Amino acid sequence: MLEIIIRITLICVSLSMLGLIYRVIKGPTTPDRVVALDALGVNLIAIVALVSMLIDSDAFLEVILLLGILAFIGTVSFSKFLEKGAIIERDRNR
Amino acid sequence: MKTNDVILQTVTKVTVFIIILFSLRLFFSGHYTPGGGFIGGLMTAGALVLLLLAFDLKTVANILPIDYKIVTAIGLLFAIGTAAGALLFNVPFLTHAFDYFTLPILGKTSLHTAVLFDTGVYLVVVGVTMTIIQTIGVSD
């Protein structure tokens, strides 16, 4: 029973990832693409969690936290590049 | 124009410690579960990159006055020292050893010299990543 539910959920998450990929390709402005990529990362976390439930393994739990941290750092650096044009500054108080 | 980054800086002050704790957990759990020196070093470098993003190069150099090229050298020294230490006991190069010790709090623990080699990998990964990012990531 649980396995069928997990498979249906995987299909739903994959469909929402397809919608997000459409937004990444089509998105008129760059912030649209950045937000879509961030949401793609979150959906990827969901897929890793569902697959690790499906194959009954706890070896992928680190991957979930890792993807969350990496998606956060990537989105922050993209937004900083869009806002200031520089990702790392030498001296911000100058 | 000065921008106000107070949300990003407050979130960073909390998150950096969580990321560093997670990287240390990945580093120490590498022998029995997924993890190890490489991914631990990359996550530590990720925490430092988040600090660089929220603040700037000068502030991070003030709180962590580390030359990352020296960190790389110390890591290589750890690796080669662990490898060459095996020669002192009349066994081939890079032979590792382990034994069980009773530690005060942790109880019976197996200590392995591969952890020292992994420390070398960790330091090299942190040093190389931070050197690359500080060299090519800075504007102007």
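Hi everyone, let me start with a term: two residues are in contact when they have heavy atoms within 4.5 Å of each other. With that in hand, take A:Ile69, which, leaving aside neighbours within four places in sequence, is in contact with B:Ile19, B:Phe22 and B:Met43.

Before going on, some ground rules. This is a predicted model, where local features need pLDDT of at least 70 and side-chain atom pairs count only at pLDDT 80 or more, while totals for chains, interfaces and linings use all residues. Residues are numbered from 1 along each chain as its sequence is written, chains are lettered from A and ligands numbered from 1 in the order in which they are written, and side-chain values use heavy atoms, with hydrogens and water left out.

Back to A:Ile69, which lies in helix α3 of chain A. Helices here are DSSP runs of H or I with at least four residues, strands are runs of E with at least two, and both are numbered from the N terminus. Is A:Ile69 buried or exposed? A:Ile69 counts as buried, at 9% relative accessibility. Buried means under 20% relative accessible area, exposed means over 50%, and partly exposed is in between, using a 1.4 Å probe and protein chains only.

Helix α3 of chain A, residues 61-84, packs with helix α1 of chain B, residues 6-28, at an angle of about 145°, and their axes are 12 Å apart. The axes are lines fitted to C-alpha atoms, for helices over the stretch in contact, and the angles run from 0 to 180 degrees between N-to-C directions. Which residues make this contact? From α3(A) come A:Glu62, A:Leu65, A:Leu66, A:Ile69, A:Phe72 and A:Val76, and from α1(B) come B:Leu8, B:Val11, B:Ile19, B:Phe22, B:Arg25 and B:Leu26. They divide into 10 nonpolar, no polar and two charged.

Staying in chain A, let's look at helix α2, residues 30-54. This helix has 25 residues and reaches 36 Å from its first C-alpha to its last, close to the 36 Å expected at 1.5 Å a residue. The expected span is 1.5 Å times one less than the number of residues. Among the buried residues of α2(A) are A:Val34, A:Leu40, A:Ile47 and A:Leu50. Their cover includes α1 (2-26) and α3 of chain A. Just after α2(A) comes A:Asp56, with a positive phi of about 55° although A:Asp56 is not a glycine. A:Asp56 sits in the loop between α2 and α3 of chain A and counts as exposed, at 69% relative accessibility.

Over to chain B, and helix α4, residues 68-85. Its 18 residues reach 25 Å from first C-alpha to last, close to the 26 Å expected. Buried in α4(B) are B:Tyr68, B:Val71, B:Thr72, B:Gly75, B:Ala79, B:Thr82 and B:Ala83. Why do they line one face of the helix? Seen down the axis, the buried residues of α4(B) fall within an arc of 110°, so they line one face; the arc is that of the directions from the helix axis to the C-beta atoms. On the face turned away from the buried side we find the exposed residues B:Lys69 and B:Leu77. Covering the buried residues of α4(B) are elements including α2 (37-54) and α5 (114-136) of chain B.

As for α5(B), its end C-alpha atoms are 33 Å apart, which agrees with the 33 Å that its 23 residues should span. Its buried residues, including B:Tyr122, B:Leu123 and B:Met130, pack against α1, α2 and α4 of chain B.

B:Leu57 counts as buried, at 17% relative accessibility. Which residues does B:Leu57 touch, not counting those up to four places away in sequence? The answer spans both chains: A:Ile88, A:Glu89, A:Arg90, B:Leu52, B:Gln134 and B:Val138. B:Val138 is 81 residues away from B:Leu57 along the chain, yet their C-alpha atoms are separated by 8.1 Å.

Key: Nonpolar A, V, L, I, M, F, W, Y, C, P; charged D, E, K, R; others polar.
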